[in-house]
Amino acid sequence: MINIGIKKEDLKFDPEFNTGLLQPKDNLFPKFWKNDQLNVIVARKLMRIADEVIKSLDLGIDVEDVVITGSIASYNWHSLSDIDLHIMLDFDKIDDNFDLVKRMLDQVRINWNKKHNILIANKEVEIYFQHYTEPHEANGIWSLELEKWLSEPVRLNPEIDIKTTEKKAEAMAQSIEHLFEVFKDGKFKETHEYAGKVKSKIAKMRQSGLADAGIYSPENLAFKMLRNSGYLEKLSSLKIEAYDKMMSLELEESRKVDFNQAWKQFLN
């Protein structure tokens, strides 16, 4: 079972800690990059991972490119950075129903990332599937196929609006905390539905910030705060757990939950 508990101290954001994560470094991640070129051993390992993923899908199409992006490919890397490995495909070659293909690949991505815990230089590999013409907002994109930068990272010195960022992040954290209270009351359907709305709201918040002010927008940084603090993982876990409880059948007179007993069983 997945531990979905929230500790009270998790609700407190540390401005110094979060600001430290978000501030740009003087150099790219040294274990990956030398003279602005990706370590050959790292590149080979990442390509092997991408190849294995594609072979397992048996799609019958060629990969357009495999790229790494995100903070690990920029001056914004930090202790919690992971490796965003994007497999670029032409979704139209898989099926005419673009949305169906996207949902299918999203589910493959989620299942793969849940199942695997591959670390390179203590950084976790996370795969993504992306339509090859889809625009991607990032300060640094490296092509593993072409062995060069598609978008070379630039060290910026932005003014980070930490107060607005924290305010947005804390508002979302409070919504997640409320979900746990609803779950404890045995309202599993309500928990599942509201969790979906909160996830959608967080995604829209981030997209809006990226479109308006880029990667240093308060909305995008609030998303990163929530992710770095473990809230997004807890939200996803709670949504799954609520669904499982909602679809389970208990042949009892009352559906009222003894939460303490259920929690003990859950932890075991």
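How many bridges join S3 to S4, and do they run parallel or antiparallel? The two strands are joined by 5 bridges and run antiparallel; helices (H or I, at least four residues) and strands (E, at least two) are DSSP runs, numbered from the N terminus. The model is a predicted one, in which local features need pLDDT of at least 70 and side-chain atom pairs count only at pLDDT 80 or more, while totals for chains, interfaces and linings use all residues. Residues are numbered from 1 along each chain as its sequence is written, and side-chain values use heavy atoms, with hydrogens and water left out.

**The chain and its sheet**

The protein chain has 9 helices and 8 strands, and buried residues make up 41% of its 268 residues, where buried means under 20% relative accessible area, exposed over 50% and partly exposed in between (1.4 Å probe, protein chains only). An open sheet is formed by 6 strands in the order S5-S6-S4-S3-S7-S8, with mixed pairing; two strands pair if DSSP finds at least two bridges between them. Strand S5 (119-120) and strand S8 (148-151) are the edge strands, each pairing on one side only.

| Strands | Direction | Bridges |
|---|---|---|
| S3 and S4 | antiparallel | 5 bridges |
| S4 and S6 | parallel | 7 bridges |
| S7 and S8 | antiparallel | 3 bridges |

Individual partners can be located within these pairings: Asp65 stands opposite Met88 in S4, Ile83 has Val125 in S6 as its bridge partner, and Ser143 has Lys148 in S8 as its bridge partner. Strand S4 is mostly covered, with 7 of its 7 residues buried. Ile83, Leu85, Ile87 and Leu89 point one way from S4, whereas Asp84, His86 and Met88 point the other way. In a regular strand the side chains alternate between the two faces of the sheet.

Helix H4 (residues 98-115) has 18 residues and reaches 26 Å from its first C-alpha to its last, close to the 26 Å expected at 1.5 Å a residue; the expected span is 1.5 Å times one less than the number of residues. In H4, Val101, Leu105, Trp112 and Asn113 are buried. Seen down the axis of H4, its buried residues fall within an arc of 95°, so they line one face of the helix; the arc is that of the directions from the helix axis to the C-beta atoms. On the other side of H4, Arg103, Lys114 and Lys115 are exposed. The buried residues of H4 pack against helix H2 (40-57), strand S4 (83-89), helix H3 (91-94) and strand S6 (123-131), a contact being heavy atoms within 4.5 Å.

Helix H5 (residues 162-184) has 23 residues and reaches 33 Å from its first C-alpha to its last, close to the 33 Å expected at 1.5 Å a residue. Its buried residues include Thr165, Glu166, Met172 and Phe183, and H5 is followed by Gly186, whose phi is positive, near 80°.

**Aromatic pairs**

The structure holds 7 aromatic pairs; rings of Phe, Tyr and Trp (its six-membered ring) pair if their centres lie within 6.5 Å, and planes under 30 degrees apart count as stacked, over 60 as edge-to-face and the rest as tilted. The rings of Trp33 and Trp149 have their centres 4.6 Å apart and their planes at 20°, so the pair is stacked. Trp33 lies in strand S1 (residues 33-34) and Trp149 in strand S8, so the pair ties together parts that are 116 residues apart in sequence. Trp33 is buried, with a relative accessible area of 6%, and Trp149 is buried as well, with a relative accessible area of 13%.
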